[in-house]
Amino acid sequence: MTIDPADLRFETLRAGGPGGQHQNTTDSAVRVLHRPTGLVATARDERSQHRNKALALRRLEAMLRHLEVEKQEAAKSGRFIANRTIERGNEVKSFKL
């Protein structure tokens with residue numbers, strides 16, 4: 001799955017929480033927003049902003065894949081339901097004797 005970089009918006013923020021001096025002084029956490037879908041992924045696990053950015057992108061890709069799979073499953077079940085409601089023809093049989 002390919003994501004267009006123009007559709008992404010990155011934000012950096014402080015990681016916060018416990019973890020000592022480095023989390024509260026550097027903006028190492030990354031939040032990525034996918035504009036077409038409105039999905040947001042955040043990563044604050046690593047001390048490096050670059051690693052957090054890569055992690056946030058992987059999480060966003062996983063979310064988009066999951067969304068695509070759900071869409072395919074919904075289409076598949078819709079086709080199954082439509083197939084069950086098809087009228088199959090006249091059930092009266094004629095026999096030649």
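**Entry 1: strand pairing.** I began with phenylalanine 10 and found that its bridge partner in E2 is valine 32. I note that the model is predicted. I then looked up the strands around this pair: E1, residues 8–13, and E2 run antiparallel to each other, paired over 6 bridges. E2 is also paired with E3, again in the antiparallel sense, over 5 bridges. On that side I located histidine 34 opposite leucine 39 of E3.

**Entry 2: the hairpin.** I followed the chain from E2 into E3 and recorded a hairpin with 4 residues between the two strands. In its turn, glycine 38 shows a positive phi of about 80 degrees.

**Entry 3: burial of E2.** I checked how covered E2 is, over residues 29–34, and found 5 of its 6 residues buried.

**Entry 4: the core.** I listed the largest nonpolar core, which has 9 residues, among them Val32, Ala41, Ala43 and Leu55. E3 and H2 each contribute at least two residues to this core. The most come from H2, which gives 4. I then examined leucine 55; leaving aside neighbours within four places in sequence, I found it in contact with Ala43 and Asp45.

**Entry 5: serine 48.** I placed serine 48 in the loop that joins strand E3 (39–43) to helix H2 (49–84).

Definitions and conventions. Residues numbered from 1 in each chain as written. Predicted model: local features only at pLDDT ≥ 70, side-chain atom pairs only at ≥ 80, totals over all residues. Heavy atoms only, no water. Core = buried A, V, L, I, M, F, W, Y, C linked by side-chain atoms within 4.5 Å. Buried < 20%, exposed > 50% of the residue type's maximum accessible area, 1.4 Å probe, protein only. Contact = heavy atoms within 4.5 Å. Pairing = 2+ DSSP bridges.
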